[in-house]
Amino acid sequence: MMDLLVLLLLACGGFFFLAGTVGLLRFPDVLTRIHTLTKADNLGLGFTVLALALLADSWIVRAKLVLIWLLVIGATATTGHLIARAGLEARDGLEGRDETGLEARDGARLGAGDH
Amino acid sequence: MAFDVALCVLVAGLALRLLTTRDLFEAVILFVSFGLALALVWVRIGAVDVALAEVALGAGVTGALLVNARRRLEQKAPEWLEAAHYRPAAAVLPALCGAFAGVAGLVALTAPRAVQPLAPRILERVPDAAATNPVTAVLLDFRAYDTLLEIGVLVAGITAVWALERGRPAVPPAATAEDEPVLAELVRWIVPLTVMTAIYLTWLGAYEPGGAFQAGALLAGAGVLMLASGFLRPYAPHSPVLRTVVAAGLFVFAAAALATVFAEGALLRYPAAGGYVWVLAIEAVLTVSIAAILAEFFVDVPSAPQQASGEQR
Amino acid sequence: MSMALHGFALFLLLNVTAGLVRIARGPTAPDRMLAAQLFGTTGVAILLVLAEALDVRALRDVALVFALLAAVLAVAFVKRGRVSDHARRNRA
Amino acid sequence: MSDDVVFPLLGVFLFGVGFAAFVGRRHLLWKIIAVNVMASGVSVLLLTLPRRAGEGVDPVPQAMVLTGIVVMVAATALALALAVRLAGLSPGDGRHRHTRE
């Protein structure tokens, strides 16, 4: 019974990892591809961690597994955010932002990007 | 088994691609991935200590160093980012190297099996050593003088880099926390956890995979994170604080070596009773020093002429 | 169960290998960065699965180190450019 | 093919391909990366060849490789600093040149 549950969870994890890879390869641009990192793969890792937590023999191991999962979620959410902005800037050929933190996209197109 | 073959194909493919591509950024990213894949190789071989260090260095310092170097080239000499071709006449060289590697492979595979394997003799003596993790025992007890010299190499390396960057101008104002609130929050969570993990790994090194080099590499990763996100203002190279931290590992290790010569009559032979304490103390200082040296390699040198040309634009 | 775990680890490895094609294809630097990050997440999963399958506790520490440093490369990639932009902006 | 053979073959391959790139590529950064790949190949060989004699990894080569990769990072950092310095001194296309044109 337990084994069946573990296998089921692993299969779910595998599905999401596969979905993440397919998305990374098939989605059209950076901004859509970021979904694979922050959503699909984190969910895949979550199912994997859940399956392994069922197999684990102590609560310390389970706590470590969950900690690792949370760390990865935090790291990917942040890097996803940073990469998304780098992607936007790459797309718009922009290097800086104005002081309000908003992107001066139209200004850049008019060649006023250098202040 | 299938996993090992797939892993080797992955590592070999990564190496081939990263050495033949023409895009420098692609090569940098592939090199980081190569390091992480290599860590899986160490895991499969059973060298967990090496895997720990490889992961910490590959994910933390190495990639950041290369990204940094590439950016500085972009600023100083943009033409370096182009025209990265093979020398046309050199097509014969890879063939020669291939032949050489083939011969080396043949020799490696047909060489007689180790005549006198060291492992059993080491493992036999580990119970008497100052640490029960065989790798730590080798590093800090049986062959501690090797490790002492390796720390010396690290200190020499950072000294040379400082010499190259002599007279580096004041560091420009780094981006601050309010500039990047999401990242700031992550750094506030990750860095304390990393420091805790580094302490845990240093302590664990006496019994299980872990130790000064792994913990130092991990701590350096946290240092790079703080430097890159503007949490840590880089010290000037002549800062006494920085110099003390960088030299502390070598200094304490050398002092311990001298002390054991006088106390026990042999270089780095620890007293029978307190060997464990000696090793732990040395490792703690080494961890901090190694971390400081590795993170200091990352510190950027702002390129002054480039900023001037940016203004002219 | 060990069999299933080994199979799962192999599956994840093949998954990563396919995903790495994105590094080679690009086309932009953020795309490549993203693929490397994906390698990190899957790498953590592989390490955790192997820790259970091979019954080596220390592999969880390797995964922990991996997870702790997952953001460093991306931050170095994004941030250092920003600092010089910032400096330039201040001077302008 | 047992894993006694696969990993040493990988080591030899990495060394060979690294050496080829080291000699064949002109760009200094690729030369630096190539040396790193060669060093990885050597590490793989160091760890896997003695292993054929018995079970488990020999702790001595493991300690050597462990310190070796840390020292390699230091060497890489120094080489990168030199390369960047050189780029600032000599205009060129990334090839190894000593003279100004």
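Which pattern does chain D follow, read along the sequence? Chain D reads α-α-α. That is three helices and zero strands, where helices (H or I, at least four residues) and strands (E, at least two) are DSSP runs, numbered from the N terminus.

Some housekeeping. This is a predicted model, in which local features need pLDDT of at least 70 and side-chain atom pairs count only at pLDDT 80 or more, while totals for chains, interfaces and linings use all residues. Residues are numbered from 1 along each chain as its sequence is written, chains are lettered from A and ligands numbered from 1 in the order in which they are written, and side-chain values use heavy atoms, with hydrogens and water left out.

Staying with chain D, buried residues make up 59% of its 101 residues. Buried means under 20% relative accessible area, exposed over 50%, and partly exposed in between (1.4 Å probe, protein chains only). One residue to look at is T67(D), in helix 3 (residues 59–89) of chain D. T67(D) has a relative accessible area of 1%, so it is buried. What does T67(D) contact, leaving aside its neighbours within four places in sequence? The partners are L139(B), E150(B) and F213(B), with contact meaning heavy atoms within 4.5 Å.

Over in chain B, S229(B) sits in the loop between helix 9 (212–228) and helix 10 (240–264). S229(B) is buried too, at a relative accessible area of 4%.

Next, a helix pair. Two packed helices are described by the angle between their axes and the distance between the axes. In chain C, helix 1 (residues 2–19) and helix 3 (residues 29–54) pack at about 165 degrees, with axes 9 Å apart. Axes are lines fitted to C-alpha atoms, for helices over the stretch in contact, and angles run from 0 to 180 degrees between N-to-C directions. The two helices of chain C are therefore roughly antiparallel; angles under 35 degrees count as roughly parallel, over 145 as roughly antiparallel, 65 to 115 as roughly perpendicular and the rest as oblique. Residues making the contact include L5(C) and F8(C) of helix 1 and F39(C) and I46(C) of helix 3.

Last, confidence. Chain A averages a pLDDT of 78, pLDDT being the predictor's confidence in each residue, from 0 to 100. Residues 94–115 of chain A stay under 50. Where pLDDT is low, the predicted coordinates should not be read in detail.
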